[in-house]
Amino acid sequence: MKKLFLLSLGTLFLFSCQNKPPVENPSPEIPSVTPETKQPEPIVLSVSERGVASAVNSFGLKVFSSLFSGEQAQDLLFSPLSLSLDLTLCAGGANGETQAQILSSMGLGGELEAAASYYQTMVAGLESADPYTQFTSANSVWVHNEYTPAVSFVDYAQSYFDASVQCRDLSVKEGFAEINLWCKEKTGGKLDKIVDDSRNPDQAPAVLLLNALYFNGGWTDPFDQVQEAPFYGVDGECSASFLVGKSNYGYLETESAQLVSIPYGCGLYMFVVAVPKEGVALDDMSESLREQDFFGLSTADPVNVQIPEFELSYSTNDALIPALQACGITDAFNAETADFSKLLEGNKPLFISKVLQKSVIRVDEKGTEAAAVTLIGVDADDVGGHEIVERTVVANRPFVFALVESSSRSILFLGKKLL
């Protein structure tokens, strides 16, 4: 009989088999920014850490492109940060070629500790970067009481990911209810179910690893008004509520797109909207976007902006495994070739059988709230002077968006909105 191991990480880790007191929900209320109190704390990365950041951004864009091509008629929301965090934690339980492929797919070579150290720095930096913008990343590991995690993996997860392990009987419904409650608490109530609690007791998972990633930020410059206007979506014209504003937003124009970045709080976190130029298809524009396009926007000139308010929830379902295989991770999904011998004590043949991400975002006149959870299931067989030009960006047709942190050049969320 096969046993299912679910390694879950997210929107967006301390190994101990002791109960921890619950952490309160992230507050939905973010204090307003005033010019006198703006004190951002930019994330300072070393040269090697910036190399990791660039590599995982490129990896995230590649996965996003794969998901994009498979969801032509649907809205899409994906957290590259969540997925790459998950894979890096998972790589700590892998060995040999399996570990090498996971790291190589993200452009990290064989530098597991360098990648893990980067995420340690990033999470701490993202949590403290802006006192007026909330970012949290909480992690937990749930071990079925029939199994014991490998000591080396425990040390790795505790040292780099600040994870906690809790021993539970995962063959009973109550165990999954507790895990789902944890997800709800860590995502501000936005994602309340990541595991199914109505399973056969004989199919209890051995391990569940979860990361809950949560973001909540108010606009630095509140929008002047909200007005109704037509949106020309894939299914035709419809009415939408648009946020209307004018400021020295970041702006970039490429051959296929106009990009505008709208800051939150003290200005380190940004909401980037990429609107295809007239006559350019959304998928063609998306394919042409590069990492630097999300971080090379100039703030010299005023920009008139109209973006629709929207809420979006998304599940990748079964689309992530083919996307990761296309990136070069192959051995991990094959029971005959996968090597996760560093994950649990003993020599159990393990392989990844499921990769799932659930995410949610809300964009309105106050700001943005977003969360993501990623799950990996493992089975066992057993700037200068210039003329000022006022620009206008109207996102009244399908567009791509991103939520980024500018000082570390980190892409937290990527999505497309068809409305």
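What you see is a predicted model, where local features need pLDDT of at least 70, side-chain atom pairs count only at pLDDT 80 or more, and totals for chains, interfaces and linings use all residues. Residues are numbered from 1 along each chain as its sequence is written, and side-chain values use heavy atoms, leaving out hydrogens and water.

Asn180 belongs to helix α6, residues 173-186; helices are DSSP runs of H or I with at least four residues, strands are runs of E with at least two, and both are numbered from the N terminus. Beyond its neighbours within four places in sequence, Asn180 is in contact (heavy atoms within 4.5 Å) with Asp192, Lys193, Ile194 and Val195. With a relative accessible area of 7%, Asn180 is buried, because buried means under 20%, while exposed means over 50% and partly exposed lies in between (1.4 Å probe, protein chains only).

Now step back to the whole chain. It has eight helices and 17 strands, and 58% of its 419 residues are buried.

Next, look at the rings. There are 15 aromatic pairs, meaning rings of Phe, Tyr or Trp (its six-membered ring) with centres within 6.5 Å; planes under 30 degrees apart are stacked, over 60 edge-to-face, and the rest tilted. One of them, Phe310 with Phe401, is tilted, at 5.2 Å centre to centre and 50° between the planes. Phe310 is buried at 5% relative accessibility, and Phe401 is buried at 0%.
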